Amino acid sequence: MKKFSSLLLNLILTPSRNTKIKLLQDYFKILDINRAYALAILSDQFSFQFIKASKLRELVYEQVDQHLFDYSYDYVGDLAETISLIWPTNKESKSQNLSTLIENIKKIKKSEINTEFSKVLSELSNNERWTLIKICTGGLRIGVSERLVKTALADLYNKSVNEIEEIWHGLEFPYENLFQWLKNEISKPKIDFKKLFHPMMLANPIDEEKDFKRLDANEFQAEYKWDGIRVQLMVSSNSVSLYSRTGDNISSAFPEIIETTKGDAVIDGELLVGGNFKPSGFNDLQQRLNRKKASKDLQKKFPVFIRAYDILFYKGKDLRKLSLVKRRKYLEKFQKENTTNQIDLSTIINFSTWEELTKYKNNFYDDLNEGVMFKLKNSEYLPGRKKGYWYKWKKNPKLVDAILMYAQRGHGKRSSYYSDFTFGVWKENELVPIGKAYSGYTDKELLVLDKFIRNNTTNKFGPVREVKKEIILEVAFDDVFPSTRHKSGVAMRFPRIHRIRWDKPINEVLSIKEFKKEFKID
Amino acid sequence: MDFINHQLFIKDINVHIDPILPKKTAIITHGHADHARFGHDHVIATRQTIDIMKIRYGDKCAKKFTPLRYGQKYSIKNYDFTLYPAGHILGSAQVLIEKNNHRLVITGDYKVGKDETCKNFKLIKCDTLITEATFGLPIFQHPDPKDEIQKLIRSVKINKNNCHIVGAYALGKAQRVMNLLRQQKYNETIYIHGSLEKLCQYYSKEKINIGKFEKVSSKDKSFYEGKIIIAPPSALKDRWSRRFPNPIICMASGWMTVKQRAKQQGIELPLVISDHSDWNELLDTIKKSKAKNILITHGQEDALVYYCKKQNLVSKPLSIQGRSDEEIE
């Protein structure tokens, strides 16, 4: 437990991705039952049945005065950390293996949890207590994705991360087959592919200058790019399930799709909100996301459908080695047999030159598509973001000039520079912030902005600096929506700094009224 | 105790304790900038506190200085003042004020734990206790500083190609970290940020074992590989820290107890080393002082006021102007 606990602590405090990978590799050099538990915990596949946040609160109130706990929780802002810090310290902590500890806890009878689990907490050191409580409350939030863990394992044991991805969803605790395969003791574990989530094939953003010179337009076909969420729908005679891009089962949130779809296939598509297959924008879709369930009302107000791009399996047959064009035939066949109206097919755009495709990218569907995707006609279905097969080409962004108002230091490699910028437009004689951006500028522009901010600070609010209002930023953004959460009444999607407008005086910047009018916000 | 107001001002004789603005007579508990200011007419403090004020603000930072030894009584009219060790930093003192058989103690900043860089805290029985509450929440239970400094030493041993930059307040904490390193047999030269130099020289002169130190200079980057550098916290995030090879950013502070805070500040190696009392030490001091009347300043007053009231002690927060959470040294 000590080792796992210091691993978590180091991971949370390390900003560098490479250092995180190194830490993980040091830990996973040995593959044993402790590491199996660790892997389950790190990939969020472990939980104790009876011990959740509410139980922990109950236990801590038995140990300390409730008011004192509440004062402390308010200050710390993290339940696991507050409990681990406030728990009466036992000078002589006794350390156990991660696996022994977990197995002992699992043996505790439900009726004895309060006394027995409290005893466990008292016997641990502060950091180990923090780790155990984190395990109980789930969602570690230590800045380590499942993908990073897989990458670390793959590099350490000379496998490709895609190979791990491919079998990942068929693996189960205690991962004996995975560990043996990593150690080259057995060949790659066989998995029943029909039943699992299959890692999705992803598109690379196009580099207009480089890519168009070397790619042949005739080898590609295109589709519109939609601003929804990518999903995988698994349909069989006895069950239907829906997975997000990361492999989370999100079936329960979209009952209308689960209940009506029939057939035997695995479909790749985009989940969108809108009636009659007309998407109504990401803002509406957000009303349906991050929910466990959807009420009848919600289903009626924000109906969903799937726009299908691809098909991976059809009637038990693995289609992933077939070409895109051939898979499309199977997709059309599936659609013909599927009599419900929750799925439609993504339209294929045929084009012969890149200029021709530009038209489709920029003008279509009254702004609802984000751009286009174009895919190599004879591409197999490959997991991950392979180069040379699928591309996404976004519309030219929307642009607005806004005045730099506040700045904050950035993170990671930009940590000592002022690199997070809040900008605004006029509201009568004042400025009102409309967004925040921390990318898009060149290294040179960043240095100039950093220097300006250091020399022109007019006010400080904690880490935030207010600056003299004289720099105009041209901000690029994908879209803008009405919002009740912001003072300005608008929320931008993916704003970034396009360039600095040295040429423009600040009184020529739009007012919030003009801004809303230009981008059609009521 | 009605003779002193919430600004720690005794109107009767025109005496202030740790005033923010220039005053006629100021009793100064210790040299940190939120307690010791420039421009008073008459400063009463320990000799070391006066020395530190002169180092920081110049010889003429007050018109007149009266140094007091610990335990030496100083009277103004019918008020008797005595300074006692507070264990916070070199020269730090608590102030005992006696008037008509009423004993009032102002702790100033204090810690109960051992510290070789200053005289250890002395408990004084009193009727009214004005205590600080920087770490006045039960989550603050400071670990043994030796274990914390071992973390640093271990990390230096493992990460030979990195340099360790330790954020520590220029006065007190920096020298304590150096002393703790020496106690744990770390005998290499310690490199310091320029702003620490005069204070480190002063500590050395006062025979406090901080060992060999040297100001960082524009040497070749690789020179600092494997070295420990001590700098004020403000320098950590600044461009200053970028001149060093693969720095591991450390911070020695009681605030490092909270991991999320450490992460927010970009600290990779938090060292929970505090010059203030933790929760249990605050409670213990309140109890042992036998005071019936507890006034609480500096920091997290709410929880401590609540606790005292539960113990049937008269208690209220004193909000002293110009001081706020987490800005104090």
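1. Helix packing in chain A. α2(A) passes α10(A) in a right-handed crossing. The axes of α2 (residues 17-27) and α10 (residues 146-156) of chain A come within 9 Å and cross at roughly 65°. Axes are lines fitted to C-alpha atoms, for helices over the stretch in contact, and angles run from 0 to 180 degrees between N-to-C directions. From α2(A), Lys20(A), Ile21(A), Leu24(A) and Gln25(A) take part. They meet Leu148(A), Val149(A), Thr151(A), Ala152(A), Asp155(A) and Leu156(A) of α10(A). The residues of this contact split into 6 nonpolar, 2 polar and 2 charged. Nonpolar covers Ala, Val, Leu, Ile, Met, Phe, Trp, Tyr, Cys and Pro; charged covers Asp, Glu, Lys and Arg; the others, Gly among them, are polar.

2. Basis of the model. This is a predicted model: local features need pLDDT of at least 70, side-chain atom pairs count only at pLDDT 80 or more, and totals for chains, interfaces and linings use all residues. Residues are numbered from 1 along each chain as its sequence is written, and chains are lettered from A and ligands numbered from 1 in the order in which they are written.

3. Chain A overall. Chain A has 20 helices and 19 strands. These are DSSP runs (helices H or I, at least four residues; strands E, at least two), numbered from the N terminus. Of its 522 residues, 31% are buried. Buried means 20 or more other C-beta atoms within 10 Å of the residue's own, with C-beta atoms placed from the backbone; exposed means 12 or fewer, and partly exposed lies in between. Among contacts in chain A between residues at least 6 apart in sequence, 68% join residues at least 24 apart. A contact is a pair of residues whose C-beta atoms, placed from the backbone, lie within 7 Å.

4. Sheet in chain A. Four strands form an open sheet with mixed pairing, in the order β1-β10-β9-β2 (chain A). Pairing requires at least two DSSP bridges between the strands. The edges are β1 (204-205) and β2 (220-226) of chain A, each pairing on one side only. β9 (residues 369-376) and β10 (residues 390-394) of chain A run antiparallel, joined by 5 bridges. Phe374(A) stands opposite Tyr391(A) in β10(A). Helix α18 (residues 354-362) of chain A lies across β2, β9 and β10 of chain A, at about 145° to β9(A).

5. Hairpin in chain A. β12 (residues 418-427) and β13 (residues 430-437) of chain A pair antiparallel over 7 bridges. Phe421(A) has Ala437(A) as its bridge partner in β13(A). The hairpin has 2 residues between its strands, and Glu428(A) takes a positive phi near 55°.

6. Sheet in chain B. Seven strands form an open, mixed sheet in the order β6-β7-β8-β9-β10-β17-β18 (chain B). β6 (73-76) and β18 (314-317) of chain B each have a single partner strand, so one side of each lacks a neighbour in the sheet. The twist averages 20° from one strand to the next. β6(B) and β7 (residues 79-85) of chain B run antiparallel and share 4 bridges. Ser75(B) has Asp80(B) as its bridge partner in β7(B).

7. α7 (residues 279-289) of chain B lies across β9 (102-106), β10 (128-133) and β17 (293-299) of chain B, running at about 175° to β10(B). α8 (residues 301-310) of chain B lies across β10, β17 and β18 of chain B, at about 170° to β18(B).

8. Helix α1 of chain B. In α1 (residues 47-57) of chain B, Gln48(B), Thr49(B), Ile50(B), Ile52(B) and Met53(B) are buried. The buried residues of α1(B) pack against β4 (40-46) and β5 (62-68) of chain B. Gly58(B) follows α1(B), with a positive phi near 100°.

9. Cores. The largest nonpolar core has 135 residues. Such a core is a set of buried Ala, Val, Leu, Ile, Met, Phe, Trp, Tyr and Cys residues joined through C-beta atoms within 7 Å. Val166(B), Val177(B), Ile230(B), Cys250(B) and Leu271(B) touch the most other members. Another core, apart from it, has 45 residues, among them Tyr243(A), Ile257(A), Phe334(A) and Phe374(A).

10. Contact between chains. Chain A supplies 21 residues and chain B 23 residues. On the side of chain A that touches chain B, α1 (2-13), α5 (66-76) and α6 (79-86) of chain A each supply at least two residues. α5(A) gives the most to that side, with 6 residues. The residues of that side divide into 10 nonpolar, 8 polar and 3 charged.

Note on methods: Two residues are in contact if their C-beta atoms, placed from the backbone, lie within 7 Å. A crossing is left-handed if the near helix is turned anticlockwise from the far one by less than a right angle, and right-handed if clockwise.
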